[in-house]
Amino acid sequence: MQIRSAKNSDLSAVETLLAESDLPTEGVRDNFSSFVVADDQGAIAGAIGLEKYGSAALLRSAVVSPGHRGSGVGRRLVEQLLERAEEAGVDELYLLTTTAEKYFPRFGFTLTTRAQVPEAVKSSAEFRGACPETAVVMTRRIGEAMRRA
């Protein structure tokens with residue numbers, strides 16, 4: 001399993017995986033250059049994206065194929081994204097989820113409210129409607145948490 005930057009040729013497979021997992025695809029194409037994928041011998045086993053808005057960013061489209069769930073692929077994708085966020089100068093990372101609010105605290109994410117999210121991040125497709133209003137909002141500081149790990 002190789003964790004690598006997404007290539008344009010991966011877009012269709014990632015959009016399909018997201019759709020099959022009932023996750024939004026809106027905005028993926030526009031931000032695909034900042035996605036990371038799990039490549040299992042040429043097949044996309046998972047993906048995750050980063051949308052940067054100044055010093056804040058949105059973690060989006062974290063998905064693992066059903067056949068690879070529970071194998072550590074998701075953990076590796078999140079860890080790679082956190083490293084890239086720190087390298088990109090991100091101070092605060094946000095995410096919306098309807099299913100993984102118990103998964104992300106292991107990476108230092110905590111619950112927050114939509115009111116606490118910077119306006120620039122709220123301009124993303126996910127905040128403008130791709131994710132439902134009932135989605136849980138989580139946040140994580142980057143930098144100090146990475147040094148503690």
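These are my notebook entries on one predicted model.

**Entry 1: the whole chain**

I began with the secondary structure. The chain has 6 helices and 7 strands. I then read their order along the sequence, which is β-α-α-β-β-β-α-β-β-α-α-β-α.

Next I looked up the dimensions. Along its principal axes, the C-alpha trace spans about 40 × 35 × 25 Å. Does the radius of gyration agree or disagree with that of a compact globule? For 149 residues, such a globule would have a radius near 15 Å, and the chain has 14 Å, so the two agree.

I turned to burial. Of the 149 residues, 48% count as buried. The accessible surface comes to about 7500 Å². Carbon and sulfur atoms hold 46% of that surface.

I also checked the contacts along the sequence. I took those between residues at least 6 apart, and 69% of them join residues at least 24 apart.

I found 18 positive and 20 negative ones in the chain. Their mean positions lie 3 Å apart.

**Entry 2: E92**

I picked E92 and asked where it sits. E92 belongs to strand 5, which runs over residues 92-97.

Is E92 buried or exposed? Its relative accessible area is 15%, and the cut-off for buried is under 20%, so E92 is buried.

I then looked for a partner of its side chain. The side chain of E92 makes a polar contact with the side chain of R141, at 2.9 Å.

I listed what else E92 touches, leaving out residues up to four places away in sequence. S55, A56 and A57 are among them. T139, R140 and R141 are also on the list.

**Entry 3: S65**

My next stop was S65. This residue lies in a loop, between strand 4 (56-64) and helix 3 (73-87).

How accessible is S65? Its relative accessibility is 11%, which is under 20%, so S65 counts as buried.

Which side chain does the side chain of S65 meet in a polar contact? The partner is H68, at 2.7 Å.

I set aside the neighbours of S65 within four places in sequence. Beyond them, S65 is in contact with L17 and A45.

S65 and S123 are 58 residues apart in sequence. In space they are 28 Å apart, C-alpha to C-alpha.

Notes. Residues numbered from 1 in each chain as written. Predicted model: local features only at pLDDT ≥ 70, side-chain atom pairs only at ≥ 80, totals over all residues. Heavy atoms only, no water. Helix = DSSP H or I, 4+ residues; strand = E, 2+ residues; numbered from the N terminus. Buried < 20%, exposed > 50% of the residue type's maximum accessible area, 1.4 Å probe, protein only. Polar contact = N/O pair within 3.5 Å; in protein donor to acceptor, adjacent residues only side chain to side chain. Contact = heavy atoms within 4.5 Å. Rg over C-alpha atoms; globule rule 2.2 N^0.38 Å. Areas by Shrake-Rupley, 256 points an atom, 1.4 Å probe, with all protein chains shown as cover. Lys, Arg positive; Asp, Glu negative; His and termini not counted. Charge placed at Lys NZ, Arg CZ, Asp CG, Glu CD.
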